[in-house]
Amino acid sequence: MTALDRLSVAAIAAEVQAGRRSAVAVIEDVLARLDAYDAIQPAVWISRFEPDALRAMAAAVDARVGAGETLPLAGVPFAAKDNIDLAGLATTAACPAFAYQPEASATVVAKLAAAGAIPVGKANLDQFATGLNGTRSPYGIPRNAYNRAWVSGGSSSGSAVTVAAGLVAFALGTDTAGSGRVPAAFNHLVGLKPSKGRWSSTGLVPACRTLDCITVFAGTTKDAALVDTIAAGFDAAESLSRALPDVPRARRRIGVPRAEQCRWFGDIESEFLYRQALAGLDAELVEIDLAPLDETARLLYDGPWVAERTAALQALLLDNPEAIHPVVREIVEGGFGYSAIDAFNGTYRLAELARITAAMWDQVDLLALPTAPTSYRVAEMLAEPIRLNASLGAYTNFVNLLDMAAIAVPTGTYASGVGFGVTLMGPAGTDRALLDAANTLFPAPASPPPLDLEGRMETVKLAVVGAHLEGMPLHWQLTSREAKFVEATTTAPTYKLYAMAESVPPKPALVYSEEGGAAIALEVYELDMAAFGSFVAEVPPPLAIGTVTLADGSMVKGFVAEPRAMTGAEDITALGGWRAYIARG
């Protein structure tokens, strides 16, 4: 298979501009990549230009370079979310009944093409950009590039996967409630959501027109910044466009949520990855009150702003409602229940919340929040499409309502291979300051795992402390299941270890204890889900499998004990581990 390594915007443009590589050669490579990945995930795209049309575009770029033009994006292939007009291809917004042929490309697309970039095609999305998960399209489900059992994030699902899979160097998405940030996090990408009005929305199918932003997905902050230099700018033909000066912003004080206000929806891995990302920041962390941000977020889907989505789709809802995805239809039909009075009252409350949150910028320079509080498998999302989707927007839904700029950056990896990220946020106009801050605070993005090209096996990490250690009597129960050794480490210093009475073979009991606890030696193994399930089924009482915190603060599944295990047991915590107890005789 063709190597599907990430493509670099800056590197391609530099090579083509300097004549070291032709744009035609770049496109031939892209065509090979497209053929290879079509066998993996054809649902990433809704439409693409024919190969000869792409070759002709590339040849035109080479001719312009040969004639002496300086093209900052010379030969760079990109994708556009299919709610953004691209001349020559239909705009569908993932709804065949809505499709139309645009007379011209969106302003942002035209600017990028004028700079030498080559549009490859239109990427799939949650229909009418309504969703944060990527499963709401009649054209199929673009799944996570690193584990196809998991959602890619949405609504800019296809856009994110095209970049993550190395099919294009960057992609345009859109963002109303987080659609340009959540897919970036899940696919180990940078996602820049500009300030409202900084990039023209001419040629964009509206979701919530007063909130919508065209965004960019790229592999690095450098690439995102390069695209921003071309795409940004006032558009006199677009009524919501703004001439925003670049606002400098320090990065000495970073706002983070109070611990008790963080919402993880039961995902302990997300909490660990977020704390780990914050630990490396060269800045003062200042706790902020999330309450006004949370209340603002609720206005988007539990308040009158949902009626703005209804307004955008009113004709289709009234004339052909069955053409709309059932989950999307359920959401946007809710807008009919709001009155003009509700809209005004919502506007008044938003103004009050905006005044409250504006004072926050006197205490902090930037915010650094989790991009998403958790991630979900596709099957889980399809079973609970509204409730689970809503949780993905816990840290994103308020941003456009409060007129913030934001950039999502990759900072970690779940055990599943799915990406985790942090989003930096600032007041309107701080876009370039956020790009600089992201590059400084997170100078080395987390390297993504290999792409899921064959179906990634789901695995579980398991900590063992006693008879299952290597060389101990029950270790065969792991080797027979082809368990993979991960590491030898210790628990956090909050556990006690006991030798249970009358246990054959001798077995320990690990018990959480904030007082008198110690770091207990253990080994961590990795098993596939089926093997883990069969292993758990054989664990005898009073032992059980629970969650164990390791020395680095991460949590894995591991042996714990019921209270009855303490009956007649010997406290061996001071020995530091089961091997020391066995060696003692």
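A salt bridge is taken here as a side-chain nitrogen of Lys or Arg within 4 Å of a carboxyl oxygen of Asp or Glu. In this predicted model, Arg349 meets that condition with Glu352, the closest N and O atoms being 2.8 Å apart. Because Arg349 and Glu352 are three residues apart in helix H13 (residues 340–358), about one helical turn separates them. Arg349 is partly exposed at a relative accessible area of 28%, and Glu352 is likewise counted as partly exposed, at 43%.

By this rule the count comes to 28 salt bridges. Among them is the contact between the side chains of Asp436 and Arg251, at 2.7 Å from N to O, which links distant parts of the chain, with Asp436 in helix H16 and Arg251 in the loop between helix H7 (221–231) and strand E7 (253–257), 185 residues apart. Asp436 has a relative accessible area of 39% and Arg251 one of 28%. Elsewhere, Asp5, Glu15, Arg21, Asp29 and Arg33 are linked in a network of salt bridges.

The largest cavity holds about 80 Å³, and its lining, which includes Val464, His468, Lys507 and Phe559, divides into seven nonpolar, two polar and one charged residue. The second largest cavity holds about 40 Å³ and is lined by residues including Val190, Thr221, Asn439 and Phe442. Strand E10 (404–413) and helix H16 (431–441) are the elements that give two or more residues to that lining, whose classes are six nonpolar, two polar and no charged residues.

Technical notes. Residues numbered from 1 in each chain as written. Predicted model: local features only at pLDDT ≥ 70, side-chain atom pairs only at ≥ 80, totals over all residues. Heavy atoms only, no water. 1 Å grid on protein atoms, 1.4 Å probe; cavity = no way out; pocket = protein on both sides within 12 Å on 5 of 7 lines; lining within 4 Å. Points joined across faces, edges and corners; volume = space filled by probe spheres on them. Nonpolar A, V, L, I, M, F, W, Y, C, P; charged D, E, K, R; others polar. Helix = DSSP H or I, 4+ residues; strand = E, 2+ residues; numbered from the N terminus. Buried < 20%, exposed > 50% of the residue type's maximum accessible area, 1.4 Å probe, protein only.
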